[in-house]
Amino acid sequence: MEPLVNEMFQLPMVALRGLSVFPNTVLRFDLGRKQSIAAVREAMENNQTIFLAAQKSMAEEIDTENGIYRVGVVCEVKQIMRGSSGDQYRILVEGKYRAALLSFAQEQPFLKANLKALATHEGENSSIEKEALIRYTKNLFETFAAMQPKMPTDIIAGVLDTEEVGRLADYTAGNLPLAVKDKQELLEELDDMQRLEKLCVKLSSEIRLLESEEKIAQKVESQMDENQREYYLREQMRAISDELGEGDLSQKDAQKFRQKIDVLPLEEDSKKKLLEECDRLERLQPSSPESAVSRTYLETVLALPFGTYTKDSLSLDKARKVLDKAHYGLNEVKDRIIELLAVRKLNPDIKGQILCLVGPPGVGKTSIAQSLAEAMHRNFARISLGGVGDEAEIRGHRKTYIGAMPGNIVDALTRAKSMNPLILLDEIDKMSKDYKGDPASALLEVLDPEQNHSFRDHYVEIPVDLSKVLFVTTANDLSTVPAPLLDRMEVIELYSYTAEEKFHIAKKHLLPKQLKEHGITAQQLRITDDALREMIEYYTREAGVRKLERTIAKTIRKNAVQIAKDPKKRHTVNAKNLETFLGARKYKAENALKHNGVGVVNGLAWTSVGGELLKVEALVMEGTGKLVLTGSLGEVMQESAKAALSFVRANAKALQIAPDFYKTKDIHIHFPEGAVPKDGPSAGVTVTTALVSALTGREPYNTIAMTGEVTITGRVLPIGGLREKSMAAYKAGMKTVLIPAENYADLEEADEAVKKAIQFIPVEHVSKVLEHALLPAQESACEPIEEKKSKAYDAIPPKKNSLCRNTTEA
């Protein structure tokens with residue numbers, strides 16, 4: 001029985017989530033909350049009547065203050081069934097009349113509401129207006145139903161058979177797929193005519209939405225192949241987004257990219273290029289390969305640190321401390337770096353300071369570059385060019401190719417996270433070229449201060465400013481570096497370490513580093529100074545210190561076994577027990593020959609790992625005048641030996657050699673270590689001396705070494721690598737070195753320890769070489785060959801007792 005209007009009464013209540021109920025409609029729903037189940041049970045015991053009102057949100061917890069709409073419907077429970085899980089129920093209710101929620105009589109164990117019945121009214125409209133509105137509503141509903149093929153026929157019949165305004169509004173609204181908020185608006189409207197008019201508005205809106213959906217579907221179908229289901233679905237999503245004016249994934253990404261591009265400090269042309277790419281991305285489907293290419297391109301370009309610069313630290317004292325801490329010796333290199341910083345301090349905008357560190361492996365080229373970056377507070381990035389043979393490694397690949405990526409230069413900027421890093425181009429002499437291009441030619445633009453302010457990577461396609469980048473390159477041999485590329489760099493040579501320098505490096509840097517890496521303290525293991533010197537002398541032979549570091553590490557590992565067993569015991573490695581850990585000595589001391597030998601002369605050679613003592617052997621045999629050259633000799637060295645033989649033949653009488661020796665004798669010239677390829681003209685004086693020694697029987701001094709190119713007239717020409725060669729002579733225990741007179745000024749680069757230990761004799765003619773290098777003959781001395789003396793030659797002391805000891809007098 002329906003209560004009187006404005007009469008307050010109480011009923012158990014259920015708060016609906018996502019549902020609304022109207023009078024004269026049937027609703028089936030599930031119960032899961034304990035409060036709701038308890039309320040239904042209470043209703044079943046009291047006339048099966050319950051009050052239903054909608055929640056404003058889908059929250060599990062019920063907000064009794066503001067979370068429930070204040071107008072609901074009193075319903076009769078028609079059916080209740082237990083769900084399969086046992087803790088849920090499904091009920092069927094029928095709406096009876098509206099009621100206003102005044103307050104809550106209780107909240108536990110179920111909601112009980114204080115209610116007041118609400119009456120509806122038709123208003124004062126004429127019967128014609130009512131009839132017109134009813135007819136209009138039914139027509140709209142028929143249109144809507146025609147567009148909804150799944151609409152049940154009993155609902156359609158129920159709407160068409162209803163003639164009362166209020167009942168038609170409630171029944172139709174209860175069966176329309178409207179939002180809870182919209183249904184609640186209709187439920188709270190008590191004027192039947194007003195409620196039906198509002199329903200018509202919402203029904204018209206639904207019809208327009210269905211028409212838009214149908215239009216979208218037709219638009220999609222016209223663009224698609226029927227069999228491409230996945231593509232059809234994606235196109236449908238896109239068409240929906242276009243119709244509603246909402247951006248899809250590509251549009252959102254494009255907008256995000258646009259925001260980043262707008263704040264970049266780029267030229268307008270570059271920004272325009274990137275914004276055009278954003279427009280292209282926006283038009284593409286997210287699933288298409290072109291979309292992935294476009295998105296990757298924009299992400300890569302925007303990852304570049306445009307406008308990001310680190311502030312240089314140009315403190316000369318601090319830079320010197322950083323360099324001295326990390327490197328022992330290398331004073332010339334350190335001085336040049338300090339000069340570079342001093343110039344930058346005076347003129348911060350200077351360009352063109354591109355350094356090329358040249359030297360044998362292991363002498364600290366890469367670490368010098370790292371120390372320079374640390375001293376200047378610049379970010380550091382290293383590019384290894386060893387084996388690079390593709391121009392695209394420098395300039396990048398065009399983005400139209402599958403797997404395209406930017407070149408190493410742009411990648412280094414991204415890794416460095418600033419536009420003014422120090423970029424190390426390591427092993428620049430190890431690049432190659434093939435059909436893919438010449439990377440050395442691509443580097444010409446990178447290392448040219450007049451061009452690199454607008455470097456264009458094939459992938460990035462917009463100018464990248466490299467003018468603020470400090471480039472440092474490293475190489476072992478400049479002979480393989482193209483001349484145009486070498487012309488853009490300032491070469492700084494790093495020379496081989498002396499034994500004393502290696503000792504200090506090992507003691508101050510390598511040994512503490514390896515002890516730390518192996519988790520051993522200086523109290524647990526002590527490696528004496530004599531053990532370090534023993535390693536340098538007899539277990540390593542290199543220009544740098546890499547092998548020495550590995551030897552120290554091996555020694556520490558050998559001791560680590562015993563230290564692990566007894567950490568408290570102290571261990572000592574000295575020269576006496578070193579063989580216990582490293583085995584027998586790997587190298588013998590490279591001293592002069594123990595005994596004089598006819599035809600065996602000490603020469604000097606340059607290699608990529610430093611200088612070496614090169615012994616040349618000449619042997620004269622009875623024969624028919626054949627010349628045999630062995631020892632893996634290159635073409636230049638073979639020609640040098642032939643030039644030496646021609647000189648000896650031309651001056652045989654003056655050298656007291658039988659004039660027909662080239663007819664009656666076979667001569668064999670051999671360079672030991674035959675498996676090692678050898679080439680170059682600097683062994684000319686050595687071959688000449690060995691030939692004269694073998695033909696005259698005069699023994700060479702075993703403490704004299706020599707180097708220099710010889711001509712067929714006997715002139716001694718300058719050579720390269722004098723510093724390394726002098727170091728090799730020093731290590732071999734030589735006392736005197738004969739050098740070309742034109743190389744005399746190069747002795748300034750020689751190590752001070754070498755200049756103090758060795759007497760350097762400059763010579764212009766091979767006759768002076770023979771005079772100093774060979775012992776006097778048993779029976780008579782060799783008469784000197786007449787030669788024209790220049791003013792420069794007159795300045796050279798002709799006798800041993802007047803020769804200069806070091807270059808300080810030069």
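Which residues are buried in α25? This note on a predicted model takes up that question in its first point and then turns to other features.

1. Helix α25. This helix spans residues 722-731. Its buried residues are L722, R723, E724, K725, S726, M727, A728 and A729. Because 8 of the 10 residues of the helix are buried, α25 is largely enclosed by the rest of the structure. Just after α25 comes G733, with a positive phi of about 85 degrees.

2. The chain as a whole. The chain has 810 residues, and 48% of them are buried. Its secondary structure consists of 28 helices and 24 strands. Of the contacts between residues at least 6 apart in sequence, 73% link residues at least 24 apart. The accessible surface amounts to about 41000 Å², and carbon and sulfur atoms account for 49% of that surface.

3. The packing of α12 and α13. Two packed helices are described by the angle between their axes and the distance between the axes. For helix α12 (residues 331-346) and helix α13 (residues 365-376), the angle is about 30 degrees and the axes lie 12 Å apart. Their crossing is right-handed. On the α12 side, the contact is made by V333, I337, L341 and R344, while α13 contributes I368, L372 and M376. Of the residues in this contact, 6 are nonpolar and 1 is charged, with no polar residue present.

4. Cysteines. C75 counts as buried because its relative accessibility is 0%. C200 has a relative accessibility of 4%, so C200 also counts as buried.

5. A cis peptide bond. The bond leading from Q108 to P109 is cis, and its omega is near 0 degrees. P109 is located in the loop that runs between β5 (89-106) and β6 (111-117).

6. Positive phi at E427. This residue is not a glycine, yet its phi is positive, near 55 degrees. E427 belongs to the loop between β9 (422-426) and α16 (439-446). Its relative accessibility is 22%, and E427 therefore counts as partly exposed; the buried class ends under 20%.

7. Positive phi at Q656. Q656, likewise not a glycine, has a positive phi of about 60 degrees. Its position is in the loop between α22 (635-650) and α23 (661-664). With a relative accessibility of 42%, Q656 counts as partly exposed.

Terms used. Residues are numbered from 1 along each chain as its sequence is written. This is a predicted model: local features need pLDDT of at least 70, side-chain atom pairs count only at pLDDT 80 or more; totals for chains, interfaces and linings use all residues. Side-chain values use heavy atoms; hydrogens and water are left out. Buried means under 20% relative accessible area, exposed over 50%, partly exposed in between (1.4 Å probe, protein chains only). Helices (H or I, at least four residues) and strands (E, at least two) are DSSP runs, numbered from the N terminus. Contact means heavy atoms within 4.5 Å. Accessible areas come from the Shrake-Rupley method with a 1.4 Å probe; for residues, only the protein chains shown count as cover. Axes are lines fitted to C-alpha atoms, for helices over the stretch in contact, and angles run from 0 to 180 degrees between N-to-C directions. A crossing is left-handed if the near helix is turned anticlockwise from the far one by less than a right angle, and right-handed if clockwise. Ala, Val, Leu, Ile, Met, Phe, Trp, Tyr, Cys and Pro count as nonpolar, Asp, Glu, Lys and Arg as charged, and the others, Gly among them, as polar.
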